[in-house]
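Work through the following exercises with the sequence and the 3D view side by side. Each task is followed by a solution that goes step by step.

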Amino acid sequence: MHELAPITRTLADYRARRLRFRRYLKRAAVAVILRDSGQGAQVLLALRAHREGDPWSGDMAFPGGRVDAADEASASRAACRETHEEVGLRITREHGIGRLNDRLTLDHRRRAPMVVSPFVYRLEQRITPVLNHEIAATRWLSLAWLNEPVNRQTMRWRVGRASLPMPCYDCGDGQRLWGLTLAMLDELCGLVR
């Protein structure tokens, strides 16, 4: 079972890789929100609502979104703002316990590279999410469950005519955890093993 206190200590010493050229690309930030529970540490995931033209429709993801001018070029501020907008949770830098490696991905709107920065936060109180139109539901997943190899599966991802095998978790009710969110969770779980 993963407890939150050792995760907090590990992240305090971890030096995440920050892409040097990130300031020259479109940027986004996500909030990896952890809490203690009877089953050990849990992470908050959001089920993105099905929307026309949204490439992440129906995916399990972290709350977050684009860094915009209102964020004064602060990716962590964008993660906090987007979390409040999407799930009604007010987090600040004071809740922050670390960050994970920057991830280079594709900005689907412009077909150009984009950098996603994941920031890790600790949540002390229980919350009742207040979801906006972008989020269909939220759920807490145990890090211990994510570390069980038996829970990991493979799915087929279609890109044009190609079908690629991709690692994933079946979270039930047709909800799959995969892609960039899974890569970030793998990094976090690898740090605390």
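Two strands are said to pair if DSSP finds at least two bridges between them. The model used here is predicted.

**Exercise 1. The partners of strand β2**

Task: Find out which strands pair with β2, how many bridges join β2 to strand β8, and which residue is the bridge partner of L47 in β3.

Solution. Begin with the pairing that involves β3: strand β2 and strand β3 (residues 60–61) are linked in the antiparallel sense over two bridges, and in β3 the residue M60 is the bridge partner of L47. Turn next to strand β1 (residues 26–37), which is joined to β2 by four bridges and runs antiparallel to β2. Here L34 has V43 of β2 as its bridge partner, and the two strands β1 and β2 make up a hairpin that has two residues between them. Finally, look at strand β8 (residues 135–142), which is joined to β2 by seven bridges, again with the strands antiparallel. In this pairing, L141 of β8 stands opposite V43.

**Exercise 2. Strand β2 and its residue L45**

Task: Decide whether strand β2 is mostly covered or mostly open, and then describe what L45 is in contact with, leaving aside its neighbours within four places in sequence.

Solution. Strand β2 spans residues 40–48, and nine of its nine residues are buried, so the strand is mostly covered. Within β2 lies L45, which has a relative accessibility of 0% and therefore counts as buried, the cut-off for that class being under 20%. Once the neighbours within four places in sequence are set aside, the contacts of L45 include M60, A61 and F62, then A137, T138, R139 and L141, and also L177 and T181. One of these residues, R139, is 94 residues away from L45 along the chain, yet the C-alpha atoms of L45 and R139 are separated by 5.4 Å.

**Exercise 3. The aromatic pairs**

Task: State how many aromatic pairs a search of the whole structure finds, and say for each ring of these pairs whether it is buried or partly exposed.

Solution. The search finds two aromatic pairs. One is formed by W145 and Y169, a tilted pair with 5.4 Å from centre to centre and 45° between the planes. Because W145 belongs to helix α3 (residues 143–146) and Y169 to strand β10 (residues 162–170), this pair ties together parts that are 24 residues apart in sequence. W145 is partly exposed, its relative accessible area being 27%, whereas Y169 is buried, with a value of 2%. The other pair is formed by W157 and W178, and this pair too is tilted, with 5.6 Å from centre to centre and 55° between the planes. Since W157 sits in strand β9 (residues 152–159) and W178 in strand β11 (residues 176–178), the parts tied together here are 21 residues apart in sequence. W157 counts as partly exposed at 35% relative accessibility, while W178 is buried, with a relative accessible area of 16%.

**Exercise 4. An open sheet and the helix across it**

Task: Give the order of the strands in the open sheet of three strands, name its edge strands, and say which helix lies across β9, β10 and β11.

Solution. The order of this open sheet is β9-β10-β11, and the pairing is antiparallel. Its edge strands are β9 and β11, since each of them pairs on one side only. On average, neighbouring strands of the sheet are turned by 50° against each other, with direction ignored. Between β10 and β11 there are three bridges in the antiparallel sense, and Y169 stands opposite L177 in β11. The helix that lies across β9, β10 and β11 is α4, which runs at about 70° to β11.

**Exercise 5. Two helices in contact**

Task: Describe how the axes of helix α1 and helix α4 are placed, and which residues make the contact.

Solution. The axes of α1 (residues 4–13) and α4 (residues 179–192) come within 9 Å and cross at roughly 100°, which means that α1 is roughly perpendicular to α4. On the side of α1 the contact is made by I7, T10 and L11, and on the side of α4 by L188, L191 and V192. Sorted by class, this contact has five nonpolar residues, one polar residue and no charged residues.

Conventions: Residues numbered from 1 in each chain as written. Predicted model: local features only at pLDDT ≥ 70, side-chain atom pairs only at ≥ 80, totals over all residues. Heavy atoms only, no water. Axes fitted to C-alpha atoms, helices over the stretch in contact; angles between N-to-C directions. Parallel < 35°, antiparallel > 145°, perpendicular 65-115°, else oblique. Contact = heavy atoms within 4.5 Å. Nonpolar A, V, L, I, M, F, W, Y, C, P; charged D, E, K, R; others polar. Buried < 20%, exposed > 50% of the residue type's maximum accessible area, 1.4 Å probe, protein only. Phe/Tyr/Trp six-rings, centres within 6.5 Å; stacked < 30°, edge-to-face > 60°.
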